[in-house]
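Please look through the sequence and the model below before reading on. The paragraphs that follow lead from the ligand surroundings to the helices and then to single residues.

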Amino acid sequence: MEQEILKGFIVIEGLDGSGTTTQLDNITSFLSNRNISHVRTFEPTDKETGLLIRQVLAGKIPLKQETIAYLFAADRNEHIHGEKDGIIELLKSNRYVISDRYHFSSIAYQSINSDPALVRELNNRFPLPEYLIFIDVSVEECQKRMKQRNGTKDIYDSIEYQRKVLENYNRAIDYFSDSSMKVVRINGMQSAELVFQDILEAVFSD
Ligand SMILES: Nc1ncnc2c1ncn2[C@@H]1O[C@H](COP(=O)(O)OP(=O)(O)O)[C@@H](O)[C@H]1O
Ligand SMILES: Cc1cn([C@H]2C[C@H](O)[C@@H](COP(=O)(O)OP(=O)(O)O)O2)c(=O)[nH]c1=O
């Protein structure tokens, strides 16, 4: 069955260090400057489920890999269906809701250490965004950027893991290219300014 598409919902995905936060900053400034109503959001969320996941990612709480996949799906369910501030609710009063990561991250990251069929099953009822923007950056460049950024490490940061994540993203993008969601692959190896120009052209040019 074809997953429902949420008009105005935009998701940005990429490896750790690929520049999704930087582009979210650019997009939200662009929309604010034009008084276009929008909400910026992210996964893992800042709700209790998301905070628990962040502790798991920091290596502070050891859990079975399948449990982590369930946790991401639980966090996402609230993120999308939450009664007061869920994405579906927010789309009623905003032209755009833009999320840094969504269920494509689970498909890319959790399918490595847990059964891919389980990950698909946990995620195949979530509606799809109107646009999936994938910022395509090599694993080596992402490692370099993460070192420069000097952020906290997480359990998925290693180059070996990120190589597998990239393979899974590529497979997922192929799979979803047959859906009605618009899939936009952006060359993330360019300067942040050029990456942003490509996003504007592909998504916000009307
Ligand atoms: N296109 C780019 N070229 C070079 N460096 C970049 C680019 N985009 C982002 N960066 C830098 O790389 C680091 C990671 O970017 P960030 O937006 O935090 O990535 P993410 O949120 O995907 O992990 C930051 O230091 C950021 O300034
Ligand atoms: C949403 C989501 C994130 N993640 C991972 C990807 C990141 O390594 C981590 C946190 O995401 P994020 O805070 O976006 O990290 P970064 O800024 O370094 O890209 O969570 C999953 O493994 N599965 C998921 O479903």
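**A guided reading of the predicted model**

The shell around ligand 2 is made up, by class, of 5 nonpolar, 5 polar and 5 charged residues, where Ala, Val, Leu, Ile, Met, Phe, Trp, Tyr, Cys and Pro count as nonpolar, Asp, Glu, Lys and Arg as charged, and the others, Gly among them, as polar. This is a predicted model, in which local features need pLDDT of at least 70 and side-chain atom pairs count only at pLDDT 80 or more, while totals for chains, interfaces and linings use all residues. Residues are numbered from 1 along each chain as its sequence is written, and chains are lettered from A and ligands numbered from 1 in the order in which they are written.

Of the 15 residues around ligand 2, the ones that come nearest are Asp16, Glu43, Ser105, Ser106 and Tyr109; a residue is near a molecule or strand if its C-beta atom, placed from the backbone, lies within 6 Å of it. The elements giving two or more residues to this shell are α1 and α5, and α5 provides the largest share, 4 residues. Helices (H or I, at least four residues) and strands (E, at least two) are DSSP runs, numbered from the N terminus.

Around ligand 1 there are likewise 15 residues, of which Gly19, Thr20, Thr21, Thr22 and Arg145 come nearest. At least two residues of this shell are supplied by each of α1 (20-33), α7 (139-149) and α9 (192-203). By class, the shell around ligand 1 has 2 nonpolar, 10 polar and 3 charged residues.

For the chain as a whole, an unreviewed UniProt entry lists residues 12-199 as "domain: Thymidylate kinase-like"; UniProt positions are given in the numbering used here, feature names are shortened, and annotations may be inferred rather than shown by experiment. The end C-alpha atoms of residues 12-199 lie 10 Å apart, and the span is 54% helix and 14% strand.

A residue is buried if 20 or more other C-beta atoms lie within 10 Å of its own, exposed if 12 or fewer, and partly exposed in between, with C-beta atoms placed from the backbone. The buried residues of α5 are His103, Phe104, Ser105, Ser106, Ile107, Ala108, Tyr109, Gln110 and Ser111, and what covers them includes β1 (5-13), α3, α6, β4 (128-136) and α8.

Helix α3 (residues 65-81) has 17 residues and reaches 24 Å from its first C-alpha to its last, close to the 24 Å expected at 1.5 Å a residue, the expected span being 1.5 Å times one less than the number of residues. Within α3, Ile68, Ala69, Phe72, Ala73, Asp75, Arg76, His79 and Ile80 are buried. They lie on the same side of α3 because they cover an arc of only 165° around the axis, the arc being that of the directions from the helix axis to the C-beta atoms. An α-helix has 3.6 residues a turn, so residues three or four places apart point the same way. The buried residues of α3 pack against α2 (48-57), α4 (87-90), α5 (103-113) and α6 (116-123); two residues are in contact if their C-beta atoms, placed from the backbone, lie within 7 Å.

Ser99 lies in β3 and is buried because 23 other C-beta atoms lie within 10 Å. Not counting residues up to four places away in sequence, Ser99 touches Val11, Thr41, Phe42 and Glu43; Ser99 and Glu43 are 56 residues apart in sequence, yet 7.3 Å apart in space, C-alpha to C-alpha. Tyr96, also in strand β3, is buried, with 22 other C-beta atoms within 10 Å, and touches Gly8, Ile10, Leu31 and His38 when residues up to four places away in sequence are left out.

Some backbone details remain. Glu43, one of the residues nearest to ligand 2, is joined to Pro44 by a cis peptide bond with omega of about -10°, and Pro44 is found in the loop between β2 (38-42) and α2. Where do the residues with positive phi lie? Asn35, which is not a glycine, has a positive phi of about 55° and lies in the loop between α1 and β2, where Asn35 counts as exposed because it has 6 C-beta neighbours inside 10 Å. Arg101, also a residue other than glycine, has phi near 80° and lies in the loop between β3 (96-100) and α5, but Arg101 counts as buried, with 21 C-beta neighbours inside 10 Å.
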